[in-house]
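Hi there,

Here is the structure I promised to pass on, with my notes below it. Please have a look at it first and then read on.

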Amino acid sequence: MDTDSRFSICLPCQMLDILSFVRRVAPYAFGPILGEAGYLISYEGNLKELADHVKELEAKRGEINHLVEAETRNGKIIEPGVQNWLDKVNEVIEKANKLLEDSNHAEVGCSGWVFPNLISRHQFSKKASEIAKDVVQVRGKENFKGVCYLPPLDGAASSSGTRGDENLLETRETFKEEIVKALKDPKALNIGVYGLGGVGEIADRLGLQFGEKTVPGRASRLRQRIIKEEKTILVILDDIWTTLDLEEVGIPSGTGSDHDACKLLMTSRNEHVLLKMDAQKDFIFRLEALSGPETWSLFQNMAGDVVNDISFKDVAIQVAQKCGGLPLSVVTVARALKDRRIYAWKDALRQLQSVDLDHEGVNEKTYSALELSYNWLESDETKQLFLLSAVVNAFHVEYLLKVAMGNTSVWIQMHDIVREVAISIASRDQHVFVGKPKAELKEWPTKDFLKSSNRSLEIPDTFFEGMGSLKVLDLSCLNLSSLPTSFRYLTDLQTLCLYHCILENMDAIGALKKLKILTLCKSSMIKLPSEIGTLTNLRMLDLSGSRIEVIPPNIISSLTKLEELYMGYTSVKWEDENSAKQSENASLSELRQLSNLTALQLQIREAWILPRDMKLVFEKLQRFKIVIGDVWEWYDNKDQTLKALKLKLGTNVHLEHEIKALIKGVENLCLDKVHDIQNVLYREGFPLLKHLHIQNNTEMKHIVDYSLVRKNHIQQVSFLNLETLKLVNLQNLEEICHGTLAVNSFSKLRVIKVQNCNQLKYLLSILMVKGLSQLSEIQVSRCNSMETIVLGDGDITTDKIEFFSLHSLTLQHLQAVDHFFSHELMSPCVPLPLFSAQVCLLDAYLDTNDTILNL
């Protein structure tokens with residue numbers, strides 16, 4: 001043991017034991033006395049704190065009540081848990097207001113020569129403190145996935161319409177009863193349903209998540225889950241078009257299989273597909289069209305009261321009959337005609353009567369009904385977007401909008417029959433060609449050209465002659481040693497997608513003067529062609545993921561209409577704007593010329609590359625992802641935010657260049673080796689931040705220091721929308737939150753992960769836990785000084801420490817941890833269990849292996 005020879009005291013072991021005993025007993029002996037006296041001192045503060053908490057709880061109660069009122073107007077019923085919460089809120093608010101409005105407060109304070117009533121002052125202050133805790137606790141339990149639910153329909157409601165017709169969809173009820181009866185039959189293992197498109201939906205009840213990437217791997221995982229973990233399984237395969245090998249995808253089926261209790265329900269348009277899938281003939285059911293009365297009742301329900309008008313009824317009945325008892329047709333036509341005048345109804349009847357019978361795979365009545373609905377879309381732009389959505393149905397919406405108008409991150413969902421009709425219309429009216437998988441090509445473009453999957457395929461130089469009206473061109477995944485010279489004929493082209501191409505000579509691109517959208521994403525080229533600088537109508541340029549290294553000067557600055565610029569995951573060798581030497585590369589200072597820029601993705605290796613005076617550029621950005629440094633991965637599938645910063649700056653994050661212009665609205669913030677910063681509190685408390693990751697810092701002592709909040713008059717509520725917090729290798733981090741936590745701070749935190757923070761003695765304070773009602777995952781590892789996970793506030797309490805949403809708790813390599821919750825940072829004389837009776841983890845999954853704790 002290291003000692004200091006200048007100052008040394010030796011005490012008998014007995015004396016050390018006595019001192020240790022006094023040190024442990026003192027807080028319990030004198031703590032209660034000081035606590036009671038504190039109520040006298042903190043009288044006004046406790047009342048104010050209670051009033052503030054009540055005000056916030058009343059606001060939250062108002063929000064929940066508004067949601068409940070809106071839902072109940074739609075026939076829903078309030079969830080019991082929500083009602084119980086509201087009852088408790090009303091009770092605690094009433095109790096608090098009764099105390100705050102008590103007329104005896106006047107006798108408590110000092111005024112003139114009157115000595116304060118210490119007994120009343122103590123009682124009021126203590127009650128205020130206790131009720132305030134109740135208010136915070138009730139507020140923390142507001143974590144509802146939904147406030148109301150839709151009650152199941154009773155027998156009458158499910159078999160009759162809003163107009164009292166008992167025959168509405170009666171055949172459907174009978175059909176469902178037959179299916180349910182088959183499901184209960186022990187002899188029925190493979191059940192089939194066929195007929196109309198969309199007769200069923202896939203049901204996922206296993207709650208299984210696949211970590212495996214390959215089909216065989218996922219099949220093994222599914223088979224294992226069905227056989228070993230489930231007693232009775234119903235697997236539904238919806239809308240089967242061709243034979244599927246069940247064993248190959250991990251579904252045991254049929255007598256003598258690994259799991260006879262696995263029932264299979266399959267739906268298809270064709271009976272022969274079901275027979276090939278070994279559906280039992282006695283348990284194959286055909287879904288017939290609606291009967292006449294059912295069709296009319298459904299049509300009435302969708303179209304509204306207008307169908308009973310004497311001037312409409314005859315035409316309405318004929319229109320309903322023309323729908324042929326097909327639910328999709330009935331609903332589509334009735335909704336399209338709702339609130340329209342009589343001439344529209346008559347025109348609809350005429351169109352439905354003149355059907356073209358040559359629509360492969362789609363019932364002619366369904367086709368005519370959907371075409372009628374398409375014709376009545378509000379504008380040509382809406383129609384074109386609908387057709388384009390059908391044509392690129394298999395793609396992410398980002399692709400759709402890249403060839404149309406912009407960028408986003410959702411998926412297209414369209415009924416397969418609706419898509420088939422839309423493609424047919426696009427082919428007929430817009431001359432759009434869409435190849436079907438494994439289908440024979442019977443017309444232009446040539447079969448040999450489109451069926452080839454060879455990257456080295458050469459496009460004939462004359463290929464685009466006569467295509468002057470072409471607006472959108474996608475030549476993805478090709479080896480284009482040279483763009484065809486016939487590109488000069490594409491004078492109206494507005495969108496060009498060269499995704500994942502090998503590109504060499506691109507001189508011909510300079511002829512596309514009307515081009516607005518150009519994507520070279522993941523394409524292989526070293527130098528950006530100077531001809532792109534002449535495309536001054538460009539609104540979007542996507543270079544992300546390309547191997548580009550050289551962007552000549554003055555190309556980007558020439559694209560003054562540019563609104564979106566994507567240069568993520570690239571290795572461009574940007575030039576320093578202050579460099580005096582002639583360079584073949586541009587400087588990022590050219591971004592200043594892009595006054596219309598609203599979206600930017602950028603990755604650079606060193607912070608000095610980023611120019612100063614970029615504030616005006618950054619302030620206009622509505623979407624951005626900027627990565628600085630060599631420690632961050634560009635791609636993050638979990639990151640769906642619109643504004644992301646990943647920084648390795650080497651200096652203060654608040655001062656470096658113009659980064660502070662982006663901080664205010666950032667949603668995902670990652671910081672590495674940011675110097676001269678002891679906490680990350682931003683003046684406005686990061687109101688929009690959802691994800692925070694901090695690593696490799698030796699100076700940071702706190703994530704939030706609330707003593708500075710009061711000192712600098714900074715807004716108290718911090719990290720209001722933060723969902724994930726990750727702290728790695730912060731060697732001097734002492735506390736996550738220092739000082740009194742502001743109400744609602746961290747209130748949406750779901751995940752917290754801490755690793756290699758060796759000065760951190762506890763993870764969360766008990767007051768912070770009370771506000772973390774949505775916390776679902778905790779991971780703590782290799783924090784050598786950590787003694788407890790949750791630290792009390794010094795008061796001895798028997799209140800439960802509850803984690804309402806926690807489902808995963810991982811504690812690894814924590815040498816000093818003796819218990820999950822402690823009132824103080826001091827090892828107990830007698831070893832205690834890791835989890836005391838006060839800790840309530842509900843359904844959390846505990847990761848406990850032999851390396852976690854030394855107990």
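Let me start with a pair of helices: H9 and H10 cross in a right-handed way. (A crossing is called left-handed if the near helix is turned anticlockwise from the far one by less than a right angle, and right-handed if clockwise.) Helix H9 covers residues 292-303 and helix H10 residues 313-322; they pack at an angle of about 120°, with their axes 10 Å apart. Axes here are lines fitted to C-alpha atoms, for helices over the stretch in contact, and angles run from 0 to 180 degrees between N-to-C directions. From H9, the contact uses Thr295, Trp296 and Phe299, while H10 brings Lys313, Ala316, Ile317, Val319 and Ala320; contact means heavy atoms within 4.5 Å. Sorted by class, that makes six nonpolar, one polar and one charged residues. For the classes, Ala, Val, Leu, Ile, Met, Phe, Trp, Tyr, Cys and Pro count as nonpolar, Asp, Glu, Lys and Arg as charged, and the others, Gly among them, as polar.

A word on the source. This is a predicted model, in which local features need pLDDT of at least 70 and side-chain atom pairs count only at pLDDT 80 or more, while totals for chains, interfaces and linings use all residues. Residues are numbered from 1 along each chain as its sequence is written, and side-chain values use heavy atoms, with hydrogens and water left out.

Now the chain as a whole. It has 21 helices and 30 strands; these are DSSP runs numbered from the N terminus, helices being H or I with at least four residues and strands E with at least two. Of its 855 residues, 43% count as buried, where buried means under 20% relative accessible area, exposed over 50%, and partly exposed in between (1.4 Å probe, protein chains only). Among contacts between residues at least 6 apart in sequence, 64% join residues at least 24 apart.

Three bridges join E23 to E25 (residues 788-791), and Leu764 stands opposite Val790 in E25.

The loop between strand E24 (777-781) and E25 holds Ser785, which is partly exposed at 24% relative accessibility. Not counting residues up to four places away in sequence, Ser785 touches Asn758, Gln759, Leu760, Lys761 and Ala816. The C-alpha atoms of Ser785 and Val817 are separated by 8.1 Å, although these residues are 32 apart along the chain.

Two residues are worth a look for their backbone. Most residues other than glycine have a negative phi. Asn756, in the loop between strand E22 (751-755) and E23, has a positive phi near 55°. His500 also has a positive phi, near 55°, and lies in the loop between strands E9 (495-497) and E10 (502-505).

Finally, is Lys60 buried or exposed? Lys60 is buried, with a relative accessible area of 15%. This lysine sits in helix H2 (residues 43-72) and, leaving aside neighbours within four places in sequence, is in contact with Trp85, Arg139 and Glu142.

Best wishes

Key
Pairing = 2+ DSSP bridges.
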